[in-house]
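Trainee: Please pick one part of this structure and take me through it closely. I would like to know how it is put together and what packs around it, with the cut-offs spelled out as we go.

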Amino acid sequence: MAMLDHWPTGEPLVRIDGPALSAVVAPERGGKIISIVDARGFEWMAAPDREVGAPARPGDDFLAAEMAGWDECAPTIVACTVDGVALADHGELWTKPFAVDGASVSVDDETLGYRFTRTIEPTAEGLVLHYAITAGARDVPFLWAGHPQFRAPEGTRILLPTSVKTVVDVMDPALPVLSWSEHLGSIDTIETEGYRKVYVHPDETASSATLLHPDGNALHVSWSPECRYLGLWYDKFAFRAEPIIAIEPATAYFDSLSTAIENGRVATVTAGTTLEWSVTLTSLA
């Protein structure tokens with residue numbers, strides 16, 4: 001594992017090499033994974049579509065940042081207030097510099113009082129992302145969601161297990177329940193300059209999803225049971241110059257921590273204890 005300068009800003013980056021997939025991490029940018037490449041050099045992560053500036057810091061606008069790679073969203077996605085504490089859009093982690101220890105990055109977050117750690121482990125088939133959150137002096141209601149902006153050219157689609165029957169359109173205030181279909185899985189069914197966000201129905205369970213490109217490249221994403229929920233985000237030139245799909249396993253339903261608490265659908269980490277979970281990436285090419 002070596003440090004290298006990968007982006008033009010020059011901050012140190014960490015490379016984790018594996019036989020099937022390799023990753024590059026930007027610790028100063030919330031531990032963002034800026035690259036996931038397979039053994040043939042195929043890049044899965046969307047690259048910045050604008051000039052890369054200084055790393056974001058608390059109070060910055062998520063849409064004004066580089067909009068690329070894999071961000072860690074916690075302890076919320078949508079800005080909200082919990083117990084009198086204002087939580088920022090896309091959470092607090094993406095604006096924090098992370099400490100580095102080998103293949104691990106970590107940070108202490110003062111908003112709700114916890115320590116967040118992620119370790120990337122190469123395997124013969126891909127990568128395993130090991131996560132942990134340790135609560136401080138009080139219980140922490142914790143919404144975590146991965147936000148990997150995967151490249152999604154025309155013809156890209158998501159495959160879900162056959163056990164998934166319905167999804168909820170969380171962009172519609174009425175929260176309609178829709179039958180899951182190949183139509184909903186395809187980037188091609190998003191209007192130009194449009195977007196879509198659905199969750200697998202919270203009474204159903206999805207433990208994996210596969211991103212399939214039209215050229216046959218496929219990335220299988222699976223996760224441990226602690227990630228009880230799954231969100232799917234599609235962006236077709238709405239916020240980026242390149243279409244993307246994000247497969248977002250999560251510890252809460254849905255994007256607002258305050259809403260998740262009200263609905264009783266959120267992981268809670270008891271004071272002084274640790275919650276661990278993992279996400280596995282497998283190259284199917």
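Mentor: Let's start with an open sheet of eight strands, ordered S8-S9-S10-S11-S24-S20-S19-S15 and paired in the antiparallel sense. Strands are DSSP runs of E with at least two residues, helices runs of H or I with at least four, numbered from the N terminus, and strands pair if DSSP finds at least two bridges between them. The model is predicted, so local features need pLDDT of at least 70 and side-chain atom pairs 80 or more, while totals for chains, interfaces and linings use all residues. Numbering runs from 1 along each chain as its sequence is written, and side-chain values use heavy atoms, without hydrogens and water.

At the edges of the sheet stand strand S8 (99-101) and strand S15 (157-159). Each has a single partner strand, so one side of each is left without a neighbour in the sheet. Further in, strand S11 (residues 126-135) runs antiparallel to strand S24 (residues 274-283), and nine bridges join the two.

Val 279 counts as buried because its relative accessibility is 0% (buried is under 20%, exposed over 50%, partly exposed in between, with a 1.4 Å probe and protein chains only). Leaving aside neighbours within four places in sequence, Val 279 is in contact (heavy atoms within 4.5 Å) with ten residues you can pick out on screen: Trp 70, Leu 127, Val 128, Leu 129, Tyr 131, Trp 144, Val 221, Ser 222, Trp 223 and Pro 249.

Ring pairs link Tyr 131 and Trp 144 with Phe 98, Tyr 114, Phe 116, Phe 142 and Trp 277 into a cluster. The structure holds 18 aromatic pairs, where Phe, Tyr and Trp (six-membered) ring centres lie within 6.5 Å; planes under 30 degrees apart are stacked, over 60 edge-to-face, the rest tilted. One of them joins Trp 70 and Phe 150: the ring centres are 6.2 Å apart and the planes at 90°, so this pair is edge-to-face. Trp 70 lies in strand S5 (residues 70-73) and Phe 150 in strand S14 (residues 150-151), so the pair links parts of the chain 80 residues apart. Both residues are buried, Trp 70 at 2% relative accessible area and Phe 150 at 0%.

Follow Trp 70 into its own strand, S5. Both faces of S5 are covered: Trp 70 and Glu 72 are buried on one side, Asp 71 and Cys 73 on the other. S5 pairs antiparallel with strand S13 (residues 145-148) over four bridges, and Cys 73 stands opposite Ala 145 in S13.

A last stop is His 90, in the loop between strand S7 (85-87) and S8. His 90 is buried, at 14% relative accessible area. Beyond its neighbours within four places in sequence, His 90 touches Glu 72 and Cys 73, along with Phe 62, Ala 74, Thr 76, Ile 77 and His 147.

Stepping back, the protein chain has two helices and 24 strands, and 56% of its 285 residues count as buried. Among contacts with a separation of 6 or more, 64% join residues 24 or more positions apart.
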